[in-house]
Each structure stands twice: as structure tokens, then as C-alpha cells.
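Biologist: I would like to learn how to read a model like this. Where do we begin?
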Amino acid sequence: MKCKSIEPWLSAFAADELSIIKRWVIRFHVKRCKSCCEELSLYQKTRAQVRRVLQNKARELSQEAVWPQIVARVEIMQKSQDRRESQTVPKIWKKAIPALAGVIVLLLSLWIHHAKQAPDQEILKPVLPLVEDFYKPGVTMMTFETDDPSISIVWFFKDEDSNQKNTNGGA
Amino acid sequence: MKKPDTESEHSLIRRAKRGDVQAFQALVKAYEKRVLGVAYHVTGDPEAARDIAQDVFIRLFRFLSSYKTHKRFFTWLYRITVNVSYDYLKRERRFRAVSLEELNHEPAGYLKHSERSEMEGIVDELLDMLSTPQKTAFILREVEGLSCKEIAKVMNCPNGTVRSYLFYARKYLKEKIRTQYPEFIEGCHHEV
């Protein structure tokens, strides 16, 4: 390979960032090319020195701990956060409360709807078995009029066992 | 640089999320040197680096609940550090533009080259010549030992862009040292 195509890879080679094949190609070239060898050496020396200086500087700086300087602020923030959490409704309730309200409204509307229809059914309920009995063979019906014209007493007699059933029904 | 054990790190993060201040303190202690280092190298100012580190950890405490455990914690923390450092640099540039015109002297917090060792002076001068993203990528790679993929996540840019930043930063440093500071690498032996 020519020096022109190797040169862009030298800095990455010095930082050990290339794949095995590229490393092998560059090493092969550098061993035979003096100018590229010097270039690579310069990259490696520059990198080593700059890293050394920067790491020393960072080490000197980091002697001082950050925690003592922020501990007071963190504790204040923690306390205010705790206070806020104790005052606010828990997250789960924020969703549960509207859902619960919805269910209650639905149940109420169903109950109201049911209550509107209920009186008719309640009147019919005691009458229905009577009507069934009326049409059954062997059942005799007697009707007694009362003083109240809206009320009459109806008696059913079963012929077989003479059991009596009496019921009040609206006329 | 050695990264903390992820298992214990996860349990620390879980506890800190629940409001355990001691767990948060352990996290701060595990990462303070690295955060300080990155902030210092990006800004070039030790005082600013301390302020930035404090700001980073305060932000961390506030927003730890939004951290998702599938992300690498240190990448997330570096990202906060880089963003806070960039914010500082933006403010500082605005401030410095005014103060230099008015006062015509070096801003406070910056030590003069004579006060530092010659080597540090050269490195600072060279790094100052790089663009902020180039400098950040270079520091995260060479000092913090992050991979290009990790740097891309920290800087929120494609992997190829990070490689490009690193290439131009290294090339620039090498050329400057060859032409202006050949004494910088004298005596440094490196096997090819």
C-alpha cells in the first residue's frame, strides 16, 4: 500500500483503535517505510506525553472531595422532596380515583334504570303464578268483591288436594 | 480508568432513586474524580471544574428518577458533565468578551503559564486551539478511556463524527508539537 492511504490510519493505529487486519497491514507497511515509521513514532510519543500530563493534572485536581460541598444542598432537597411526596396523592390513586368514580356512576345509572322498570315487574310477579294456575286443569277460582272498588279478593282452589291459596290482587 | 462494578452500581442507583442519601454519597464518591477531570479538561479552569462537578451531582440527584437502567450510568453522567461544561463555556465566553475589552487582563481562575509547569502550559495551549467537541472527544478517549461508541453517546453524535474529531485533534497536536514544541517529546521513547 502507498503512504498516502496509510497516513490517515496512523493516529488510530497509535491509539490501538483499528481492527486486527488493518493493524497488520499498517505494521507491514511501517516496517518498510521510514517516513511512515517516523510519523507513527511521532503520533505515539505525542499521545503518550499528552496523556501523561493530562492524567497528572486530573490526579492533582481530584484530591478535593465534592461530597462535603454538596451534602447540605442534597439534604435540603431530600427533605423538600419527602415533604412534597407526603402531601401529594400517591401515583396509583391518581388513576384509581377517576376509574372508581366512573364505576360508581355506571352502577348508579344501572340501578336508576332498573328501578324505573321494577314496579311493573313487582306487580306482575305475584300475579303470574296465579294466571298460570288459573289455566291449569283442576283449579277453581273464586272472586270476592270488597268495599273498596279497587280491591278484590281472589281465591284459587286446587281440586286434587284442596290446598288453599289466597292472594290479594289489584283489580 | 477502572469503571465501578455494575452490579453494586445498580443497587446503589436503585437505593439513591428511593431517596437513600448514603447510596447517593457512594455514587458521588465513585464518580467525583472522573467528573472533576472531564470538567477541568474541557474548561481548563480548576475552580470552574469544582463548580461544574457540584452542579453535575446536584442535577444527578434531581433527575436520578428519570434515569433508565438500560442505559450505561457513566455514559449518562458524562453526558450531563459535558453539557454542564458546555453551558459554562458559553457563559464564560460571553463574560470574557466583555471583561477582556473592559479590563484588558487575563480572567480570574486561569493560572498564568509561568505558574504551571512548562509541559502543562504547552498541553493547555495546544488543547485550547482545538474546537470544543474535538477537545471533549480527545479527553474522553485519551484520559477517561471511553470507546468511540461511548463517546458518541455522551456527545450525542454519530460514531464517524467522533472518529473524525479524534483524527483531526491528534493530527493537529502532532503537527504543532513537531513544528513548535519538538522539546515536548524529547526523551520520550515509544516502541513502534
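Modeller: Begin with burial. A residue is buried if 20 or more other C-beta atoms lie within 10 Å of its own, exposed if 12 or fewer, and partly exposed in between. Keep in mind that this is a predicted model.

Biologist: As what does H29(A) count, with its C-beta neighbours inside 10 Å?

Modeller: H29(A) has 19 C-beta neighbours inside 10 Å, so it counts as partly exposed. It is found in helix α2 of chain A. Look also at C3(A). H29(A) and C3(A) are 26 residues apart in sequence. In space they are 8.1 Å apart, C-alpha to C-alpha.

Biologist: Let me try chain B. Where does R72(B) lie?

Modeller: R72(B) lies in the loop between α3 and α4 of chain B. It counts as partly exposed because it has 15 C-beta neighbours inside 10 Å. R72(B) and E150(B) are 78 residues apart in sequence and 9.1 Å apart in space, C-alpha to C-alpha.

Biologist: What share of the residues in each chain is buried?

Modeller: In chain A, buried residues make up 14% of the 171 residues. In chain B, they make up 34% of the 192 residues.

Biologist: Now the secondary structure. How many helices and strands does chain A have?

Modeller: Chain A has five helices and three strands. Along the sequence, the pattern is α-α-α-α-α-β-β-β. Chain B has eight helices and zero strands. From the N terminus on, its elements run α-α-α-α-α-α-α-α.

Biologist: Which contacts join residues at least 24 apart in sequence, and what share do they make up?

Modeller: Count the contacts between residues at least 6 apart in sequence. In chain A, 34% of these join residues at least 24 apart. In chain B, the share is 62%.

Biologist: How do I describe two packed helices?

Modeller: Two packed helices are described by the angle between their axes and the distance between the axes. Take helix α6 (residues 132-142) and helix α7 (residues 148-155) of chain B. Their axes come within 10 Å and cross at roughly 135°. That makes α6(B) oblique to α7(B). The crossing of α6(B) past α7(B) is right-handed.

Biologist: Which residues of α6(B) and α7(B) make the contact?

Modeller: From α6(B) come P133(B), T136(B), A137(B), L140(B) and R141(B). From α7(B) come I151(B), V154(B) and M155(B). By class, this contact has six nonpolar, one polar and one charged residues.

Biologist: And how do α2(B) and α6(B) cross?

Modeller: The axes of α2(B) and α6(B) come within 9 Å and cross at roughly 145°. This crossing is right-handed. On the α2(B) side are V38(B), H41(B) and V42(B). They meet K135(B), T136(B), I139(B) and L140(B) in α6(B). By class, the contact has four nonpolar, two polar and one charged residues.

Biologist: Let us move to the contact between the chains. How many residues does each chain give?

Modeller: The contact takes 38 residues from chain B and 35 residues from chain A. Four helices of chain B, namely α2 (21-43), α3 (46-63), α5 (118-129) and α8 (159-179), each supply at least two residues of the side that touches chain A. α2(B) gives the most to this side, with eleven residues. By class, the side of chain B that touches chain A has 22 nonpolar, six polar and ten charged residues.

Biologist: Last topic: confidence. What is the mean pLDDT of each chain?

Modeller: The mean pLDDT of chain A is 76, and 76% of its residues reach 70 or more. Chain B averages 81, and 81% of the residues score at least 70. The model scores ipTM 0.74 and pTM 0.65.

Biologist: Where does pLDDT stay under 50?

Modeller: In chain A, pLDDT stays under 50 over residues 162-171. For that stretch the model has 15 contacts beyond four places in sequence. In chain B, pLDDT stays under 50 over residues 103-115. There the model has nine contacts beyond four places in sequence.

Biologist: Which element of chain A has the lowest mean pLDDT, and which the highest?

Modeller: Among the elements of chain A, strand β3 (residues 164-170) has the lowest, at 47. Helix α2 (residues 20-30) has the highest, at 91.

Note on methods
Residues are numbered from 1 along each chain as its sequence is written. Chains are lettered from A and ligands numbered from 1 in the order in which they are written. This is a predicted model: local features need pLDDT of at least 70, side-chain atom pairs count only at pLDDT 80 or more; totals for chains, interfaces and linings use all residues. Axes are lines fitted to C-alpha atoms, for helices over the stretch in contact, and angles run from 0 to 180 degrees between N-to-C directions. Angles under 35 degrees count as roughly parallel, over 145 as roughly antiparallel, 65 to 115 as roughly perpendicular and the rest as oblique. A crossing is left-handed if the near helix is turned anticlockwise from the far one by less than a right angle, and right-handed if clockwise. Two residues are in contact if their C-beta atoms, placed from the backbone, lie within 7 Å. Ala, Val, Leu, Ile, Met, Phe, Trp, Tyr, Cys and Pro count as nonpolar, Asp, Glu, Lys and Arg as charged, and the others, Gly among them, as polar. pLDDT is the predictor's confidence in each residue, from 0 to 100.
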